[in-house]
Amino acid sequence: MSTFQAPKGTYDLLPPDSARYLAVREAIAAPLRDSGYGYIETPGFEDVELFARGVGESTDIVTKEMYAFETKGGSRLALRPEGTASVLRAALEANLHKAGNLPVKLWYSGSYYRYERPQKGRYRHFSQVGAEAIGTEDPALDAELIILADQAYRSLGLRNFRILLNSLGDKECRPAYREALQGFLRGLELDEDTRRRIEINPLRVLDDKRTEVQRRLTGAPMLRDYLCDGCKAYHEEVRALLAAAGVAFEDDEKLVRGLDYYTRTTFEFVHDGLGSQSAVGGGGRYDGLSEMIGGPALPSVGWALGVDRTVLALEAEGVELDLPRSTSVYAVPLGEEARRVLFGVVTELRRGGVAADFGFGGKGLKGAMKNANRSGARYALVAGERDLAEGVVQLKDMESGEQQAVELATVVSELRSRLG
Ligand code: ATP
Ligand code: MG
């Protein structure tokens with residue numbers, strides 16, 4: 001061990017487990033790529049104000065969890081705690097919304113940072129794959145995103161997840177609800193922090209995870225009773241499209257989510273095998289966000305799925321991913337000349353599209369075969385002086401144990417045809 005360890009709340013992704021993370025990212029991305037979403041990558045840090053305004057001054061993310069710092073040049077930056085504000089900032093900056101092709105559909109994959117209390121499924125550095133559809137108000141777009149996330153999870157073999165769905169209303173109907181809720185909440189006995197929250201973002205109080213707070217909330221006015229006709233019809237259409245697609249969901253009137261920018265459709269994916277960190281992903285519509293960060297009105301919808309928690313969910317369900325072999329052929333040279341010859345064969349195999357590895361470091365037969373086994377290779381190629389003198393190499397099928405001499409000149413094409 002060295003003097004250093006991974007910082008608190010972080011962990012390293014190491015092989016072979018890291019292959020599962022890559023496979024999860026790929027499985028989430030695949031349905032998006034097939035549905036017109038283009039890949040976007042933004043910097044790992046942004047102007048701190050983008051998140052203060054975009055995510056919301058009253059959220060835990062901004063008040064407690066953000067890694068904010070001042071650069072040597074005096075700029076105030078923050079490591080990105082989430083993806084939506086950055087993606088929208090980038091789309092606006094590049095005028096993607098003016099290219100006359102709305103919605104702008106984008107997907108991303110990357111690292112996010114929140115200064116949280118570390119626990120299982122909650123880290124200070126974590127990974128998300130996300131999708132945003134910018135500039136269009138259409139219930140089919142909300143439904144599309146939920147269906148694609150469902151498809152991604154199912155393609156991984158996950159079954160025990162649920163989709164929670166709610167509507168948060170819009171700027172027409174939410175103010176009246178907000179006032180009614182504030183009136184109710186002000187009459188409750190609550191701590192200082194929560195009382196402050198009542199004035200800044202009362203809907204967030206509904207999201208409080210503490211049971212004693214939840215108990216006091218019984219009888220609180222429900223948003224459903226305040227939704228305007230437009231929001232009601234929109235929400236009914238989203239629900240109908242999901243039902244028609246055979247995607248099961250649960251109406252959850254208390255679902256608020258921890259970011260200030262959501263309007264109308266809000267949803268969360270929860271997995272029942274994860275204990276208290278049960279949310280594997282979430283998202284919703286954010287029709288006001290663009291204006292909040294200084295852009296034009298651009299109704300949009302998106303989600304972000306957590307890669308770390310999705311991997312934990314796979315473990316909880318005991319799902320084994322069908323991962324492709326990383327090495328198909330492993331070459332074991334015995335002696336100097338064999339090293340040169342087999343290294344050449346390995347290079348040729350690789351150039352021909354066959355995943356191949358090599359017994360480096362001049363180990364003996366036993367040690368090198370152990371490595372060949374560990375590599376998971378289907379075939380081992382073994383050659384010593386005598387083989388080379390005869391112009392052959394030994395080709396060993398690692399599954400059947402069968403071994404045969406193959407002419408050196410044809411071994412590459414032989415392996416390529418055997419491996420299909
Ligand atoms: P939670 O309520 O668990 O704090 P959240 O509402 O803050 O989640 P989002 O901001 O919606 O989460 O992020 C989307 C997804 O990213 C979450 O569902 C989760 O899978 C993942 N995620 C969020 N924060 C963390 C974290 N600190 N560690 C690991 N994954 C996280
Ligand atoms: Mg959180």
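Start by selecting Arg124 and Tyr115: Arg124 sits over the face of the Tyr115 ring, 4.0 Å from its centre (a charge counts as over a ring if NZ of Lys or CZ of Arg is within 6 Å of the ring centre and within 35 degrees of the ring normal). This is a predicted model, with local features needing pLDDT of at least 70 and side-chain atom pairs counting only at pLDDT 80 or more. Residues are numbered from 1 along each chain as its sequence is written, and side-chain values use heavy atoms, leaving out hydrogens and water.

Now pick Arg80 and Tyr112. Arg80 lies over the face of Tyr112, at 4.5 Å from the ring centre.

Next, the aromatics. Rings of Phe, Tyr and Trp (its six-membered ring) pair if their centres lie within 6.5 Å, with planes under 30 degrees apart counted as stacked, over 60 as edge-to-face and the rest as tilted; the model has 14 such pairs. Select Phe358 and Phe360: their ring centres are 4.9 Å apart and their planes at 70 degrees, so this pair is edge-to-face. Phe358 is buried at 4% relative accessibility, while Phe360, at 46%, is partly exposed (buried is under 20% relative accessible area, exposed over 50%, partly exposed in between, with a 1.4 Å probe and protein chains only). Then show Tyr153, Phe161, Phe267 and Phe269, which form one aromatic cluster.

Last stop: helices H6 (residues 174-186) and H7 (residues 192-200), which pack at about 160 degrees with axes 9 Å apart. H6 and H7 are therefore roughly antiparallel (angles over 145 degrees). Show side chains where Arg178, Gln182, Leu185 and Arg186 in H6 meet Arg195, Ile198, Glu199 and Ile200 in H7, contact meaning heavy atoms within 4.5 Å.

Notes
Chains are lettered from A and ligands numbered from 1 in the order in which they are written. Axes are lines fitted to C-alpha atoms, for helices over the stretch in contact, and angles run from 0 to 180 degrees between N-to-C directions. Helices (H or I, at least four residues) and strands (E, at least two) are DSSP runs, numbered from the N terminus. Angles under 35 degrees count as roughly parallel, over 145 as roughly antiparallel, 65 to 115 as roughly perpendicular and the rest as oblique.
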